Every structure is written in C-alpha cells, then in structure tokens.
Amino acid sequence: MNFKKLFTLALSFIFVLCFSQQDAAHAADAGEERYDPVPFIMHHISDSHQWHLWGEGENSVGFSLPVILFDDGLHVFSSSKFGHHEDQVAESNGKYFKIDHGKIYESDVQGNIKKDNIPLDFSITKVVAQMLIAALILLLLGFAAAASYKKSAVPSGVAKFLEPIIVFVRDDIAFQNIGSLYYKKYTPYLVTLFLFIWILNILGLIPGAANTTGNIAFTFTLALFTMLVVNFSGKKTYWQHMFDPLGNNMPFGGKILIYLILVPVELLSIITRPFALMIRLFANMTAGHIIIMALISLIFIMQTYYVTPVSLGLALFIYILEVLVAALQAYIFTMLTALFIGSAVEEPHHDH
C-alpha cells in the first residue's frame with residue numbers, strides 16, 4: 001500500500017468519525033448540554049451485543065448479533081430483543097434477561113435484575129464476531145497460498161505477499177530466540193500468532209469495526225495460550241532452574257532460607273510474563289483509539305470549526321502511526337512469545 005492510498009484511507013476514517021460524532025453533538029445541542037465525548041469513546045472501545053456502524057437513534061445503521069445463553073436450558077435469540085440501546089428486557093422460553101454494564105443477567109418482566117442468577121454467556125458479541133472474521137481471513141490466506149505453491153514453486157498472488165512474512169517470523173523471530181534445535185517446531189504457532197494479531201489490529205482501524213485487541217479478555221486468552229505453550233515445552237533445565245536455582249553450589253542446609261525467597265519469585269514469573277504480554281497489547285491498542293477519538297472530539301467540545309485543521313491533522317497523524325503500531329505490536333507479542341519459549345527449551349551449557 002503506497003502513501004497516497006494510506007492517506008486516502010486515513011482521511012476517510014477521520015470523516016466517518018466526524019459524522020458519527022456530529023450526530024451525538026446535535027443531540028447534545030438539542031438539550032442545550034455541553035458535549036461529553038466519554039460515552040462515544042467508551043462505546044467505540046467496548047464490546048457490544050450489537051454491531052453499530054454509524055448514525056444515532058432512528059438514523060443508526062448496524063445489525064444485531066446472536067445471543068446464546070445457558071441457564072436451566074439453552075436460550076438462543078437475536079440481540080435486537082434488547083433494543084437499540086440494550087436497555088430493554090428480552091424474553092426467551094418463559095425467562096427474562098437484561099443487560100447491565102455489558103453483562104447479561106436474568107430479570108423479571110419489569111426488568112429488575114436478579115444478581116444471583118447469571119446465565120452462562122456464549123453469545124457472539126462484536127469482538128467475537130470480528131475475531132471469527134479475522135480467523136476466516138487467515139484461513140483463506142493460508143489456503144490461497146497453499147494453492148499457489150501447488151501450481152508453482154515460485155510464489156505468486158497471496159503467496160508472494162505471505163512468504164516474506166513467514167520467512168521473517170521463522171528466521172528473525174523463531175530461529176533467533178528459540179535456537180536451531182527447536183525453532184521449526186514452534187514456527188507455525190508463531191506465524192499464526194503474528195498474522196492473527198496483525199489482521200485484528202488492521203480490522204480495528206476500520207470505521208465501525210470492533211477493537212478486538214483492545215479487549216482485555218482477548219489479550220488474556222492469547223497470553224494464556226503462550227503460558228501453556230511455554231510451560232508444557234519446558235525442559236528439565238527450565239524446571240530445575242525454577243525449583244533448584246542454586247544447583248550444587250551450596251550445601252542443602254544453607255539453601256533453605258534462600259529457596260524460601262527464590263522459588264516463589266521464579267514461580268511468580270510464570271504468571272508475570274504472560275501478564276506483561278496481555279497488558280502491553282491491550283494498553284497500546286486501546287490508547288491509540290482513545291487518542292484519535294479525543295482529538296476529533298475537540299471540535300465539538302470547543303464548539304468551533306477553527307480548531308478543525310489542528311484536530312483532524314493530529315488525528316490523521318495518530319491514525320497513520322496506528323497503522324505502523326498494528327504491525328509493531330504483533331511483532332512484539334510474537335517476539336516475546338518466542339523468547340519465553342526459547343528460555344523454556346534451552347539446553348544446559350557444559351563447561352569444557
């Protein structure tokens with residue numbers, strides 16, 4: 001993608017956001033209230049049971065998503081039953097449900113929530129739907145690349161685009177951090193991780209899309225997978241360093257007090273490493289979205305179009321920066337995952 005296309009895409013994104021906020025600003029002006037950008041920003045970065053694209057009220061454009069609940073039985077219905085603002089009571093199989101702060105509770109017909117009755121929620125929310133779309137895109141890219149290589153060993157089409165990325169992840173991430181003995185084993189996981197995060201980051205920059213990688217539950221799941229892969233891959237040296245960090249350098253009697261400190265710290269690192277991955281991806285992707293929304297909101301907060309060039313200019317700069325951050329965060333998450341795997345499968349060093 002050249003700079004001209006990137007600039008056009010970014011400019012289109014800014015204008016769509018401006019139109020969306022202008023609807024909210026007109027609604028605030030009608031009530032003679034000062035425009036508050038927080039609801040718009042939180043609506044953009046939070047998950048939802050409905051996919052809202054643009055507009056407000058009767059002029060809004062979007063579509064409902066399926067709600068799947070399990071309580072005493074299975075409940076499957078459209079999220080449209082909750083209403084446009086998700087503030088209505090939905091009925092299913094003689095039971096009533098209501099959304100409160102994004103979570104579905106059982107309620108009575110008047111909408112009084114029963115806090116003790118929380119059904120298991122397997123709904124396809126906006127974040128989940130976009131995650132499935134990204135997974136489908138990733139599968140289509142993989143099958144298209146495989147079909148290209150069946151025709152010719154020389155890459156073409158999608159394969160020509162994917163091969164440099166796969167080679168980069170294999171040689172510069174997997175090989176450099178895991179080592180020559182085991183890097184091939186973990187390359188498929190690392191390539192999938194890199195492409196999946198990158199695609200989701202790019203999709204999140206499209207107007208009306210979900211901020212999937214800015215969802216703490218999603219980044220927690222990715223970090224959990226990394227933690228499982230790392231610890232199930234751990235060799236004898238890895239676990240020996242965890243539970244016997246001093247080795248034979250000190251008599252056992254002198255180790256006890258030191259072990260009471262070192263072993264819990266080493267065990268805590270099993271949790272802190274993936275926790276750092278989770279927070280880093282979540283915070284960076286969420287911050288970018290909030291900054292862009294806040295910059296555009298300056299036009300309506302200050303209620304003057306004189307600030308428009310500065311507001312749009314800064315928002316456009318941050319948006320282009322976010323395109324670069326989308327790839328950078330995918331790289332950092334994948335590289336640190338490879339680094340953690342490399343520390344787990346590292347072979348002992350012998351002195352000669």
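I began with the secondary structure and counted nine helices and nine strands in the protein chain, where helices (H or I, at least four residues) and strands (E, at least two) are DSSP runs numbered from the N terminus. I noted that this is a predicted model, in which local features need pLDDT of at least 70 and side-chain atom pairs count only at pLDDT 80 or more, while totals for chains, interfaces and linings use all residues. Residues are numbered from 1 along each chain as its sequence is written, and side-chain values use heavy atoms, with hydrogens and water left out.

I then looked up burial, and found that buried residues make up 41% of the 352 residues in the protein chain; buried means under 20% relative accessible area, exposed over 50%, and partly exposed in between, with a 1.4 Å probe and protein chains only. For contacts (heavy atoms within 4.5 Å), I noted that residues 24 or more positions apart account for 61% of those with a separation of 6 or more.

Next came the nonpolar cores, each a set of buried Ala, Val, Leu, Ile, Met, Phe, Trp, Tyr and Cys residues joined through side-chain atoms within 4.5 Å. The largest has 42 residues, and Ile178, Leu195, Ile197, Leu222 and Phe333 have the most contacts inside it. Among the elements that give two or more residues to this core are α4 (158-178), α5 (183-203) and α9 (308-345), and α5 gives the most, with twelve residues. I followed Ile178 and, leaving aside its neighbours within four places in sequence, found it in contact with residues including Tyr183, Tyr186, Leu190, Ala338 and Ile341.

I turned to how α5 meets α9, taking axes as lines fitted to C-alpha atoms, for helices over the stretch in contact, with angles from 0 to 180 degrees between N-to-C directions. The axes of α5 and α9 come within 8 Å and cross at roughly 155°. That makes α5 roughly antiparallel to α9, because angles under 35 degrees count as roughly parallel, over 145 as roughly antiparallel, 65 to 115 as roughly perpendicular and the rest as oblique. The residues of this contact divide into 16 nonpolar, four polar and no charged; here Ala, Val, Leu, Ile, Met, Phe, Trp, Tyr, Cys and Pro count as nonpolar, Asp, Glu, Lys and Arg as charged, and the others, Gly among them, as polar.

I looked at α4 and α5 in the same way, and their axes are 9 Å apart at an angle of about 125°, so the two helices are oblique to each other. Among the residues that meet are Phe161, Arg170 and Ile178 in α4, and Tyr183, Thr187 and Trp198 in α5. This contact divides into 15 nonpolar residues, one polar and one charged.

Gly288 lies in helix α8 and counts as buried at 4% relative accessibility; its C-alpha atom is separated by 7.3 Å from that of Ile318, 30 residues apart along the chain. Ser79, in the loop between β4 (74-78) and β5, is buried, with a relative accessible area of 1%, and it touches His49, Gln50, Ser64, Leu65 and Val67, not counting residues up to four places away in sequence. Asn93 lies in the loop between β5 (90-92) and β6 (95-100) and is exposed, with a relative accessible area of 60%. I noted that Asn93 has a positive phi of about 55° although it is not a glycine.
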